[in-house]
Amino acid sequence: QVQLQESGPGLVKPSQTLSLTCTVTTGSISPNRYAWSWIRQPPGKGLEWMGVIAYDDSTYYSPSLKSRISISRDTLKNHISLQLTSVTPEDTAVYYCAAWDSSYSTYSYWGQGTQVTVSS
C-alpha cells in the first residue's frame, strides 16, 4: 500500500515560489503502475487538477498553470516535488498529492493535504 505525505511552508508571500514535497513513505515510486499528481482545493471551491508526472518522467500540466508550474520526482528519496512560481492570493489552497493507478483508472491513494496561504 502506498502512503503519501505532503510537506512545505504554510505561508508564502505574493510573487514568491511555492515549493512542496510529497513523500511516498511506503512502497516505491518506481513502478510503472502509478502516475503522480498534484491537486489543490481553494477555500470554498472544488478540486483543481494541477499536473502529473508519469513513470517515464513525462509531465502534463493544467493549461491555466502551465507557465508557472513544475513537477519533478526523485526516485532515490521517494519524493514528488511541486514548484509554483509568481504566486498570488488566488493560489491559497489545500494542496494534495495523489497516485493515479493505471490498473484501475482512478486515484487510489491521496495524501492528507497541506494548507498553503499566500499573503504578505
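**View 1. Four strands form an open sheet in the order β1-β3-β8-β7, with antiparallel pairing.** This is a predicted model, with local features needing pLDDT of at least 70, side-chain atom pairs counted only at pLDDT 80 or more, and totals for chains, interfaces and linings using all residues. Residues are numbered from 1 along each chain as its sequence is written, and side-chain values use heavy atoms, without hydrogens and water. β1 (4-7) and β7 (69-74) stand at the edges. Each has a single partner strand, so one side of each lacks a neighbour in the sheet. Neighbouring strands are turned by 20 degrees against each other on average, direction ignored. Axes here are lines fitted to C-alpha atoms, for helices over the stretch in contact, with angles from 0 to 180 degrees between N-to-C directions. Strands are DSSP runs (E, at least two residues), numbered from the N terminus. Two strands pair if DSSP finds at least two bridges between them.

**View 2. β7 runs antiparallel to β8 (residues 79-84).** The two strands are joined by 6 bridges. I69 stands opposite L84 in β8. Strands of a sheet pair through backbone hydrogen bonds.

**View 3. D101 and R33 meet in a salt bridge.** Their side chains come to 2.8 Å, N to O. D101 lies in strand β9 (residues 93-101), and R33 lies in the loop between β3 (18-24) and β4 (34-41). The pair therefore ties together parts that are 68 residues apart in sequence. D101 is buried, at 1% relative accessible area, whereas R33 is partly exposed, at 36%. Buried means under 20% relative accessible area, exposed over 50%, and partly exposed in between (1.4 Å probe, protein chains only). A salt bridge is a side-chain nitrogen of Lys or Arg within 4 Å of a carboxyl oxygen of Asp or Glu.

**View 4. D91 and R68 form a salt bridge of 3.0 Å, N to O.** D91 sits in the loop between β8 and β9, and R68 in the loop between β6 and β7. They are 23 residues apart. Both D91 and R68 are buried. Salt bridges with shared partners join R40, E48, R68 and D91 into one network.

**View 5. Ring pairs link Y96, W100, Y107 and W110 into a cluster.** The whole structure has 5 aromatic pairs. One of them, W100 with Y107, is edge-to-face, at 5.0 Å centre to centre and 75 degrees between the planes. Rings of Phe, Tyr and Trp (its six-membered ring) pair if their centres lie within 6.5 Å; planes under 30 degrees apart count as stacked, over 60 as edge-to-face and the rest as tilted. W100 is partly exposed at 31% relative accessibility.
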